Amino acid sequence: MLLVGNGRLITHDEGLPLLQDGCVAIQDGVIVQVGPTPDLQQHYPDAQFLDARGRLIMPGLINTHMHLYSTFARGMALKDDAPGNFLQILERLWWRLDKVLTLEDVYYSAMVPLIDCIKNGTTTIFDHHSSPSAVVGSLFRIAEAAQQAGVRSCLSYEVSDRDGPEVTTQSIEENRTFLQHCRQSADSMIQGLFGLHASFTLSDKTLARCRKVSEELDAGFHVHTAEGPEDLAQCQQQYGKRIVERFHELGILNSKTIAAHCVHVDDHEIDLLGSTKTNVVHNPESNMGNAVGCAPALDMLSRGVRVGLGTDGYTCDMFESLKVANLLHKHQSHQPSVGWAEPPAMLFSGNSAIASECFGRTVGKLIPGACADVIIVDYDPPTPLCVSNINSHILFGISGRAVNTTIIGGQIVMQERKLLTVDETEIMAKARLSAVKVWHRF
């Protein structure tokens, strides 16, 4: 039994959102009780007590769209002219980088951001992977890294036709094999979705093959959807329809599917996303960085679409993504009054709902029965902290590096900023060696 208490407890539970001196009781990776610190200490006198010392106690954060494999692009020089549009970014950077990754590279490029997730309080990720020259076993190598680091992870391999039929088949089978493994292992920390790249790199025939396997395994998809204007233009020209319409007709959209981005969608497509209960993930930093536009995420939320918040690999700090979402929609709409409620709803409600359905237990809330994913944040509010202003304090007062202690599945993986599951110095040194080789092959 572990008690985490003596702190301002934010639960993200509507019934009891805040306790000024709150405590969480954890047993076997699950929260068993939440209440005032003195009460729980009296009730569990023999429990280990982790003293928050007046700091914030919060649910661990969730990133519902991540690319761990992008790690080795950091600091890397491109071989061509600077890209001028989204397609050129793919062709000159990501589609060259992913092709030169080995299974060892896959492991270290995953381990580095997994460490960063822990240090920024991100306890659950949904990763979307690609390594065309090392497809077979790649998801298992990422799972190995996630298990060693102790980060709750849902993994998928992006199927695409861009690397030829052999790689397409390998990609489908990697998803199948990993999903079967997840079903058989019943590991509460590792799950899978069926990965797809995007409409413009997938034929109807390949999508039909993927749908067949996903139905056999009762798995949802994780797919880039209407991210860039080039994707939409190709779909309209080749298929005479928009991307969400195409995915809907081919049976890709459902309540287990994650449609990442959804930047270039119209009203009819938003209705389709809502009626199929498809999960949309907004990635504000990535969309700005790739200059693809601003997703109508606020409109989707107002029309009943479940919208989560991701980073697309740009950062492991979900507090940062929250801030950027708030600013982007103010800038886009020229309205300073918008974007206050919606980004927190994406991060704390949408992501929680997506993760809870995936892992089969409540994730992202500090309530009895939920996964014991808890962070302690070094933040002493300079003004009163109450139920009505929690999100304001989080938005303006907290960044990921303020996270002091991270607990995932009841395991303390970082305490007082010290990692307990992995040797960060050793991993970073090995990652740098791998990066040099990757850059040479790139």
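## Basis of the model

The structure is a predicted model, in which local features need pLDDT of at least 70 and side-chain atom pairs count only at pLDDT 80 or more, while totals for chains, interfaces and linings use all residues. Residues are numbered from 1 along each chain as its sequence is written, and side-chain values use heavy atoms, with hydrogens and water left out.

The largest pocket holds about 720 Å³ of space. Of the 43 residues that line this pocket, S70, W94, N290, D312 and Y314 are the closest to its centre. A pocket here is an open set of points on a 1 Å grid over the protein atoms alone, with protein on both sides within 12 Å along at least five of seven lines, and lining residues have an atom within 4 Å of a point. Grid points are joined across faces, edges and corners, and a volume is the space filled by probe spheres set on the points. The elements α2 (86-97), α3 (103-119), β11 (221-225), α7 (229-239) and α10 (284-289) each supply at least two residues of the lining of the largest pocket, and α2 provides the largest share, six residues. Helices (H or I, at least four residues) and strands (E, at least two) are DSSP runs, numbered from the N terminus. By class, the lining of the largest pocket has 21 nonpolar, 13 polar and nine charged residues, where Ala, Val, Leu, Ile, Met, Phe, Trp, Tyr, Cys and Pro count as nonpolar, Asp, Glu, Lys and Arg as charged, and the others, Gly among them, as polar.

The second largest pocket has a volume of about 350 Å³. Its lining comprises 16 residues, of which H12, E14, P17, F348 and N391 are the closest to the centre. Two or more residues of this lining come from each of α13 and α14 (390-397), with the largest share, four residues, from α13.

## Enclosed cavities

There are two cavities of 30 Å³ or more, a cavity being a set of grid points where a 1.4 Å probe fits but cannot get out. The largest cavity, with a volume of about 50 Å³, is lined by H12, P59, G60, L61, I62, L347, F348, S352 and G364.

H261 is found in strand β12 (residues 258-261) and counts as buried because its relative accessibility is 0%, the cut-off for buried being under 20% relative accessible area with a 1.4 Å probe and protein chains only. The H261 side chain makes polar contacts with the side chains of E227 (3.4 Å) and N283 (3.5 Å). Such a contact is a pair of N or O atoms within 3.5 Å; within protein, one must be able to donate a hydrogen and the other to accept it, and residues adjacent in sequence count only if both atoms are side-chain atoms.

Strands β2 (residues 18-27) and β3 (residues 30-36) pair in the antiparallel sense over six bridges, pairing being assigned if DSSP finds at least two bridges between two strands. V24 stands opposite V34 in β3. The two strands form a hairpin with two residues between them, and D28 in the turn has a positive phi of about 55°.

How values were computed: Buried < 20%, exposed > 50% of the residue type's maximum accessible area, 1.4 Å probe, protein only.
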